[in-house]
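Hello,

Here is the structure I promised to pass on.

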Amino acid sequence: MSTKDFLEKDYYKALGVAKTAKPAEIKAAYRKLARKYHPDSNQGDAKAEERFKEISEAYSVLSDEKRRKEYDEARSLFGGGFRVPTGTRPGQGGFGGFDLGDIFGGSGGDAAGGLGDLFGGVFNRGRTTAQNRARRGADVETETTLSFGDAIDGTTVALRLTGEGPCPTCHGTGAKAGTVPRMCPSCQGTGQSNRNLGSFGMSEVCKECHGRGLVVDDPCPACSGSGRAMSSRTIQARIPAGVADGQRIKLAGKGAPGERGGPAGDLFVRVHVKPHPVFGRSSSNLTVTVPVTFAELTLGAEVKVPSHRGAPVTVRIPPGTPNGRTFMVRGKGVRRKDGTAGNLLVTVEVMVPRDLNSKARSAIEDLREATAGADPREELLERAKEA
Ligand SMILES: [Zn+2]
Ligand SMILES: [Zn+2]
């Protein structure tokens, strides 16, 4: 039987038994079917012969406790079906990120009977050696720049991630489409060759396969047989509402794919937020600086101030308001996760006019005259004398 056949076959189905079937049930099912399809009673029936072979093969595995266990493990690992790649499947990193090259890389020669070298290797030693243990994918870090508004509202951005992964053409096997790598004959698939130096056994990387345990007769033209390729993928990442400039966002499971069935790593996105020409942000509050006149602060006024993505709001400035005072407009800030919103903080700043018309100039001069008796620095100069 070829490896490909083996990997694709459902032995339980072949015998018509459940996956949980006891050895006695398997035996009984086999006997019944074997009698029915035996070549002696189906002379010249090619279909029956085929079926008989199938039944025998299934029974040879399922009747052997050890081999049945290996088979079950295989099917649970690959979700019940193991397809040997025969061509390119664009947009998919092999077996959902599973690196076929690494499965094969673990091939050992040790006895899986008639199961074929590949399988024996994977399931007898594959997951016990450190080299072959399932490994979590690496964490990946990237950056993105958001507009001021998108940072407030949350958005979805396309992130292009580059990294080394299984070659998409051969799905990491390194072999040309339609072919599979074979076990390295020099090291029997271990990737190591043993040298004896007196009483010391030295282990070194196999020269023939460079430690991979596999040799490729017909290399994949895309990766020259290495099974690895630099690839870039674009993922859509959801950036939550309310992120701040410089914040690092963790997107669990969006990092590099795991190896040998391990989970994917996490993706960390460093967010840069473009400044807004008018508004600033302080956690969930928005800030804005509003120019006012001396008269407005002195006499009091109602001034229109801009709100982010909304109609202007009116702020009442009481008479005698000092320059630089901050007013709070409730609920006009950044919307929080719980549905509430921060506030808009309005800071007033007196604009001193550069050019005055003659009427304004004479009014200011009148003001100077009218307030000449009160020196605003009198108290300051007095207090400066304190020790
Ligand atoms: Zn080798
Ligand atoms: Zn390739």
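The four donor atoms around the zinc ion (ligand 2) subtend angles of 103 to 115°, so their arrangement is tetrahedral. Please keep in mind that this is a predicted model. The donors are the SG atoms of Cys167, Cys170, Cys220 and Cys223, at 2.3 Å from the metal. Along the sequence these residues follow the spacing C-x2-C-x49-C-x2-C. Cys167 sits in the loop between β2 (155–166) and β3, and Cys220 in the loop between β6 and β7 (228–239), so this pair ties together parts that are 53 residues apart in sequence. Cys167 is buried, at 2% relative accessibility, and Cys220 is buried too, with a relative accessible area of 1%.

What holds the zinc ion (ligand 1)? Its protein donors are the SG atoms of Cys184, Cys187, Cys206 and Cys209, which lie 2.2 to 2.3 Å from it. This site is also tetrahedral, with angles of 103 to 116° among the four donor atoms. Here the spacing in sequence reads C-x2-C-x18-C-x2-C. Cys184 belongs to the loop between β3 (182–183) and β4 (192–197), while Cys209 belongs to the loop between β5 (200–205) and β6 (214–215), so the pair links parts 25 residues apart in sequence. Cys184 has a relative accessible area of 0% and is buried; Cys209, at 6%, is buried as well.

Now to the packing. The largest nonpolar core has 37 residues, and Leu159, Leu267, Leu344 and Val346 have the most contacts inside it. A second, separate core is made up of 19 residues, including Tyr12, Ala14, Ala48 and Leu62. As general background, nonpolar side chains tend to be buried together in soluble globular proteins.

Leaving aside residues up to four places away in sequence, Leu267 touches Val140, Thr142, Leu159, Leu161, Ile235, Ile249, Lys250, Leu251, Lys254 and Gly255. Strand β8 runs antiparallel to strand β9 (residues 267–273), and four bridges join the two. Within β9, Phe268 is the bridge partner of Lys250.

How many salt bridges are there? The count comes to 13. In one of them, the side chains of Arg136 and Asp266 meet at 3.1 Å, N to O. Arg136 is in the loop between α7 (117–126) and β1 (140–146) and Asp266 in the loop between β8 and β9, so the pair ties together parts that are 130 residues apart in sequence. Arg136 is partly exposed, with a relative accessible area of 42%, but Asp266 is buried, at 11%.

Another salt bridge joins Arg361 and Glu365, at 3.9 Å from N to O. These two are four residues apart in helix α10 (residues 358–370), which means about one helical turn separates them. Both ends are partly exposed: Arg361 has a relative accessible area of 46%, and Glu365 is at 34%.

Lys385 forms a salt bridge with Glu382, with 3.5 Å between the closest N and O atoms. Lys385 is exposed, at 64%, while Glu382 is partly exposed, at 48%. Elsewhere, salt bridges that share partners join Arg136, Asp139, Lys250 and Asp266 into one network.

Notes
Residues numbered from 1 in each chain as written. Chains lettered and ligands numbered in written order. Predicted model: local features only at pLDDT ≥ 70, side-chain atom pairs only at ≥ 80, totals over all residues. Heavy atoms only, no water. Core = buried A, V, L, I, M, F, W, Y, C linked by side-chain atoms within 4.5 Å. Buried < 20%, exposed > 50% of the residue type's maximum accessible area, 1.4 Å probe, protein only. Contact = heavy atoms within 4.5 Å. Donors = N, O, S within 2.8 Å, 3.2 Å for Na, K, Ca; no water. Tetrahedral: all angles 85-135°; square planar, octahedral: opposite > 155°, others 65-115°. Pairing = 2+ DSSP bridges. Salt bridge = Lys/Arg side-chain N within 4 Å of Asp/Glu carboxyl O.
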